[in-house]
Structure formats: structure tokens, C-alpha cells
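Work through the exercises below with the model open beside you. Try each task before reading its solution.

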Amino acid sequence: RKYPEAYGHFMKVLKYDPENPAYLETYYFLGLFHDDLLIRDYTTALNFYSLYQDRGGKKDVKKFIEPIKKAEALSQEGIRLFTSGETKEGIARLAKALGIKPEDIRLLNNIAAMQINIKKFSDAEKNLKKALKINKEAGETYYNFACLYSIKKDIKRRMHPVLRCLHLLV
């Protein structure tokens, strides 16, 4: 399966004529790419599914949209709770969101950052390793690894994530 190549073709179609009704299915397929097939960027997937639905798409995308919205609401609530001092409740909400979208690296990174903050280092490291298995090019994950190893004063292990993060940014 050549998902990256197919994704590139769909993006070219949209650049050519994004308003053409003949290209409506493109929004649906781009939603799939962002949801489960390639990128796992659920916010962008939601945007593509919504564009598809708003422009008269015939496929039922509610089954895709609802879990994304629910996971996003739980994520936002978790961050709000954590920042207001309710750390366990905040992490629990993010974990619940992760149960809905288990391969969302943004959720894994947020949970890990919270775990670093409350010094649950081994749990944070496990979540960061899960995030890397999903996407080895996620700069935020390397940044969080660097933070983790810095706080643990593990100088040798800190340098690789810092360099990898910088490489991804350049």
C-alpha cells in the first residue's frame, strides 16, 4: 500500500480545484489518511470529514467524527483539570481519551508531560516510547524525552533526543 504517494495525489487534487464537486470524495479520503491510515492527526481528520459532510458527501462520517470530538473534549478537560491542580483527574481524562484514540501521539505526549511533572518518570518513559512506535518523526516526543532525561539528570541519554528534535526542526 502506497499511502504516502496516494496522499500526495489527493493533496494535488485539492490544490488544483478545491471547490469542484467532482472532488468531494477527496475530503473523505484525506480524513481517512489523517484518522487511521497514515498521519494520525485527528484534528485535521475532523476538519476533512466535516468538509466532506458539509459539502454534501453521501458516506456516513459521523462514526468517524463522534469519537474524535469525544476524545478532544476529554483531552481539553484533562488539560484544564491538570493545570488547575487536579493532577490525577487530569491524567485520568487524557487516559480515557487515549482509550478512544489509542494511537494519538499528542495524547501520549500530553500524558507523558504530566507524568514528568509529577515525577512518574517510568510511566512517562513508557508513554513516550509508545508515541515513538507510532511516529518516529514526532519532534514533540523527542523534546519530552529530553525534558525527562534532563530532570532525571541523565546527561548521556538526554543528548540523543535533543539532537533528534533539532534535526527534525531544521
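Buried means under 20% relative accessible area, exposed means over 50%, and partly exposed lies in between (1.4 Å probe, protein chains only). This is a predicted model, where local features need pLDDT of at least 70, side-chain atom pairs count only at pLDDT 80 or more, and totals for chains, interfaces and linings use all residues. Residues are numbered from 1 along each chain as its sequence is written, and side-chain values use heavy atoms, with hydrogens and water left out.

**Exercise 1. Describe how H5 packs on H6.**

Step 1. Two packed helices are described by the angle between their axes and the distance between the axes. Axes are lines fitted to C-alpha atoms, for helices over the stretch in contact, and angles run from 0 to 180 degrees between N-to-C directions.

Step 2. Read the values. H5 covers residues 87–100 and H6 covers residues 105–117; their axes come within 10 Å and cross at roughly 160°.

Step 3. Classify the angle. H5 is therefore roughly antiparallel to H6. The cut-offs are under 35 degrees for roughly parallel, over 145 for roughly antiparallel, 65 to 115 for roughly perpendicular, and oblique for the rest.

Step 4. Assign the hand. The crossing of H5 past H6 is left-handed. That term applies if the near helix is turned anticlockwise from the far one by less than a right angle; clockwise is right-handed.

Step 5. List the contacts. From H5 come Gly90, Ile91, Leu94, Ala95, Ala97 and Leu98; they meet Leu107, Leu108, Asn110, Ile111, Met114 and Gln115 of H6. By type, the residues of this H5–H6 contact are nine nonpolar, three polar and no charged. Here Ala, Val, Leu, Ile, Met, Phe, Trp, Tyr, Cys and Pro count as nonpolar, Asp, Glu, Lys and Arg as charged, and the others, Gly among them, as polar.

**Exercise 2. Now do the pair H4 and H6: how do their axes cross?**

Step 1. Read the values. The axes of H4 and H6 come within 12 Å and cross at roughly 15°.

Step 2. Classify. H4 and H6 are therefore roughly parallel to each other. H4 passes H6 in a left-handed crossing.

Step 3. List the contacts. H4 contributes Glu72, Ser75, Gly78, Ile79 and Phe82, while H6 contributes Arg106, Leu107, Asn110, Met114 and Asn117. The H4–H6 contact residues comprise four nonpolar, four polar and two charged.

**Exercise 3. Which residues have the most contacts inside the largest nonpolar core?**

Step 1. Define the set. A nonpolar core is a set of buried Ala, Val, Leu, Ile, Met, Phe, Trp, Tyr and Cys residues joined through side-chain atoms within 4.5 Å.

Step 2. Name the residues. The largest core has 14 residues, and Ile91, Leu94, Ala97, Leu98, Leu107, Ile111 and Met114 have the most contacts inside it.

Step 3. Trace the sources. H4 (62–83), H5 and H6 each supply at least two residues of this core. H6 gives the largest share, five residues.

Step 4. Zoom in on Leu94. Beyond four places in sequence, Leu94 touches Ser75, Gly78, Leu107, Asn110, Ile111 and Met114.

**Exercise 4. Is Asn109 buried or exposed?**

Step 1. Locate Asn109: it belongs to H6.

Step 2. Apply the cut-offs. Asn109 counts as buried because its relative accessibility is 1%.

Step 3. List its partners. Outside four places in sequence, Asn109 contacts Leu128, Ala131, Glu140, Thr141 and Asn144.

Terms used
Helices (H or I, at least four residues) and strands (E, at least two) are DSSP runs, numbered from the N terminus. Contact means heavy atoms within 4.5 Å.
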